[in-house]
Each structure stands twice: as C-alpha cells, then as structure tokens.
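Here are a few friendly notes to read alongside the model.

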Amino acid sequence: MQRNTRRTKSFIVGMFLAAIAGTLYASLASHALHPAYAVAVLMLAAATSRMKIKLPGIDGNMSVNLPFLLMAVVNLSALEAVSIACLSTVVQCWPKSGRKFRPEQMLFNVSMMAFAASMANVIWNAGWLGRSAWGRSHWGSTWASEPLMLASATAAFFVGQTAPVADIIKLAEGTAMRRVWLSIVQLSFPYYVLSAGMTSMVNTVSHHLGWQAALVVFPVMYGIHRSYRLYFRPAEETPRTVPLARAARAGA
C-alpha cells in the first residue's frame, strides 16, 4: 500500500509538471488575449461546473461545463483556456461544507485539466490541420479543416482528461487501467461528441452575434444536466463495480 501511495504521489507531481510544460508549449503558438470573451466563458464554465452528474458504476462525477472549455480552447489563447479550465475545476472539486479538503486531489484534478486544455489548444493551432487534403481551394480547405481541427482538439481533450484518471486509479487501487478507461469512455464519449457539436454551432453563430452566442448554451446544458440526473438516478442505488480513486474526482 505504501508503495502504491508513493507511486500515486509521484504520478501527481509528474502530472503537475506536464501541465506546466504543456501550457508553456501551447502558449508559443497562441494568439492575442480576449479578456471580455474569457471572463464570460469563465463565468459560464464555473457555473456549469457545479452541475455535476454522479456516474453509475464508478465513484466519480461529470460536470456539464465541457462546451465552454472547448470554446475557450478554440477561441482564446492557451493561457486563457488553461486558466478557465483550472479555475472551473477548482469550483467543481471544492468540497461541500463539512467535507475535508484534500490538496493532493485538487492538485491532480487541476493539473490534469490544465494538461488536457493545453494539448487541445496545441492541436487546434497545429498548422498541418489547416493544410489538410480535404480540399484544394481556399473555400473548400477552410470548410473542411475547421471541423477536422475541432474534432482533433476534442479528441486530445478527451484523452488528456480520461487517460490520467484511469492511470491514477490503477496506481492507487490496483484496478486494471484498460477496464477503468473503457468504463469512462462508454459513459462520457457521447457527451464529448455532443459538446463538440455545440461548440461548432456556437462558433458559427458567433461570427454574427459575437461572444454573446455562448450564453445560449447555458440553458441547454442545464437541461442536459437535468436529463442525465433523471436517467442515471436509478443506477446510483446499485453497487459500484469500478470504484475510482478518491484522488480523481474531476469526473470522466
């Protein structure tokens, strides 16, 4: 057990260093700051981060703030996107009154989200995606490359968030990483697809309405949160088959 504890702590430190390195690297390919948009997205991401869904079969939860995190990744600088991901994660994971604050848990969750956001930002700004072979004309290339870039950035965010969670569960509890990761994928993959689609639609509308278009997503995510809770409520009373490490509470 002590060996697993040491390995878990070492992994958390490694995750923290990876988050710093990823943020610095992403910042090199980043663009100008957009304070007004960043503040608006931060408020929406923080508000929806408390709308948590307890996933069946695993001792963890998922917030419905992902569309706003993806909006930050594709519309803001790396520094802004990572800051929004980290601050909304703090809001999400802050313990309720009467519960003990676990600094190692918070450090892991914040580092994991910073790493995922920075890697997604790197993929979004990757030049080779914009020069994809989907079309030779300027119009065709623009039309084809933006969905490809968003899908790739979402995939990077997905892997950057779920793989570290599955890995730390393996270290802390000895559960097979592949089993835990597949359980997370099964429950959360449709949500990532939906979030990417909503981000794409908001980006299209924002060309005409500006950043205020992001406000439309809030009631939609509230409705999704309520629907998920009603859907998963019966399963919350069933025995959990894949207990997640208490150090990884940021959700799938």
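1. A word on terms to begin with: helices are DSSP runs of H or I with at least four residues, strands are runs of E with at least two, and numbering starts at the N terminus. Please keep in mind that this is a predicted model.

2. On that basis, the protein has 9 helices and 2 strands. Following the sequence, the order of elements is α-α-β-β-α-α-α-α-α-α-α.

3. On burial and surface: of the 252 residues in the protein, 49% are buried. The accessible surface is about 12,800 Å², and carbon and sulfur atoms account for 65% of this surface.

4. On contacts along the chain: take those between residues at least 6 apart in sequence, and 78% of them join residues at least 24 apart.

5. Now for the helix pair. How do the axes of α2 and α3 cross? Helix α2 covers residues 35–49 and helix α3 covers residues 66–75; their axes come within 9 Å and cross at roughly 155°. Angles over 145 degrees count as roughly antiparallel, and α2 and α3 are therefore roughly antiparallel to each other. The crossing of α2 past α3 is left-handed.

6. Which residues make this contact? From α2 come Tyr-37, Val-41, Leu-44, Ala-45 and Thr-48, while α3 supplies Phe-68, Leu-69, Met-71, Ala-72 and Asn-75. Sorted by class, the contact of α2 with α3 holds 8 nonpolar and 2 polar residues, with no charged ones.

Key:
Residues are numbered from 1 along each chain as its sequence is written. This is a predicted model: local features need pLDDT of at least 70, side-chain atom pairs count only at pLDDT 80 or more; totals for chains, interfaces and linings use all residues. Side-chain values use heavy atoms; hydrogens and water are left out. Buried means under 20% relative accessible area, exposed over 50%, partly exposed in between (1.4 Å probe, protein chains only). Contact means heavy atoms within 4.5 Å. Accessible areas come from the Shrake-Rupley method with a 1.4 Å probe; for residues, only the protein chains shown count as cover. Axes are lines fitted to C-alpha atoms, for helices over the stretch in contact, and angles run from 0 to 180 degrees between N-to-C directions. Angles under 35 degrees count as roughly parallel, over 145 as roughly antiparallel, 65 to 115 as roughly perpendicular and the rest as oblique. A crossing is left-handed if the near helix is turned anticlockwise from the far one by less than a right angle, and right-handed if clockwise. Ala, Val, Leu, Ile, Met, Phe, Trp, Tyr, Cys and Pro count as nonpolar, Asp, Glu, Lys and Arg as charged, and the others, Gly among them, as polar.
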